Amino acid sequence: SAASDVYKRQVVMSSGVDLEHVTIRFGDFTAVDDANLSIKKGEFFSFLGPSGCGKTTILRAVSGFNEPTEGTVRINGNDMQGIGPNKRPTALIFQNLALFPLMSVADNIAFGLEVEGVKYAERRRRAEELLDLIALSGQGDKMVSELSGGQKQRVAIARALAVEPEVLLLDEPLSALDLKLRQHMRSELRNIQQRVGITFIYITHDQGEALTMSDRIAVMSAGIIEQVGDGSTIYNEPETAFVASFVGENNPFFGKVVKADDNYAQIQNKFGLLRGRNTQGLSEGDSAILFVRPEALSLVGGEAPSENVIESTILSEEFEGHSIHIHLEGETAKKIALSISNDGTGSKMKVGDTTKICFDVDRAIVLPEGDLADE
């Protein structure tokens, strides 16, 4: 479209962001601990983690509102130390959007240009281009109060883009929207980012947002970047117990490694011997957790397989339309979760029944024992 053509020049102006040994402390509290990361030009990059893990603190360090206690933030290769927020090639979209209720939509979008001294006719032209880009053509004279939540969200994005940042920073911008609108805005945001071509750095505690929108994700816990990778890698190849338990639902089985080679590790626990992929180089005697996702578990139909069979009691069953979630007694207070597709016949099992479940060795992963994400 004409609007996205206008922004083709911004693909060139997109900047990469590098964090080099960035540590940020507030008194005795370390909010970010030795973060090292390279975000590529034009990438949609998300920081994912629970509240208080340090992700917003990193965003504020990139935007210039926080100075690192140690280390360096670089944008497009340039050290940002001492350069204030208004002098950086970034724009920040806050959680509450901060739109001006007494201004029209077009004036909201053009506000940053007015501050820069751009003449009215040029401001209005740019606002109209951006309204086209965010699929709100002809809505410039409306007041903000006349817009829906999703439309306000898009206006906030257009206002940030108006000043032609090289990096757009978004701090949980969808958290105030209801579920359906959030899911719709995920694809809207991703489409806008791909059309504009600039670097997006996105903060979220919502795994669905991070997995569906991002080129890559950094999972954070307690100020530490636990793992960086694309959504598929983060979900299927977690490197730590925290990542395995935070991203998607997972069943942990605790035990000691009794046998290990370069490919697989076997643990002994209450349910017997369980074996999975050994991606982190575990050795015999190590304390470990075997993780297997609910969708990787299945009910034993006929003859039981030779390994990875668990016998347990059914505690509850939840019907969710496309799937049935069965909870079984686990080794701790945490129940074993099993998801089966709804084939229209029901699960044919009752609460209190004893049943056997199993899993394929290649769909389980054995990781070093470590902290799990809170429920």
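**Sheet order.** I began with the open sheet: its 4 strands come in the order β2-β1-β4-β5, with antiparallel pairing. The edges are β2 (29–39) and β5 (78–79), each pairing on one side only. For my own record, helices (H or I, at least four residues) and strands (E, at least two) are DSSP runs numbered from the N terminus, and two strands pair if DSSP finds at least two bridges between them.

**Ground rules.** This is a predicted model, where local features need pLDDT of at least 70, side-chain atom pairs count only at pLDDT 80 or more, and totals for chains, interfaces and linings use all residues. Residues are numbered from 1 along each chain as its sequence is written, and side-chain values use heavy atoms, with hydrogens and water left out.

**Around β1.** I looked up both partners of this strand. With β2, β1 pairs in the antiparallel sense over 7 bridges, and phenylalanine 26 stands opposite phenylalanine 29 in β2. The β1–β2 hairpin has 2 residues between its strands, and glycine 27 there takes a positive phi near 65°. On to β4 (residues 70–75): 5 bridges join this strand to β1 (residues 17–26), again antiparallel. Threonine 23 faces glutamate 70 of β4.

**Serine 175.** Next I went to the loop between β7 (167–171) and α8 (179–196), where serine 175 is found. Glutamine 95 is 80 residues from serine 175 in sequence, yet 7.1 Å away in space, C-alpha to C-alpha.
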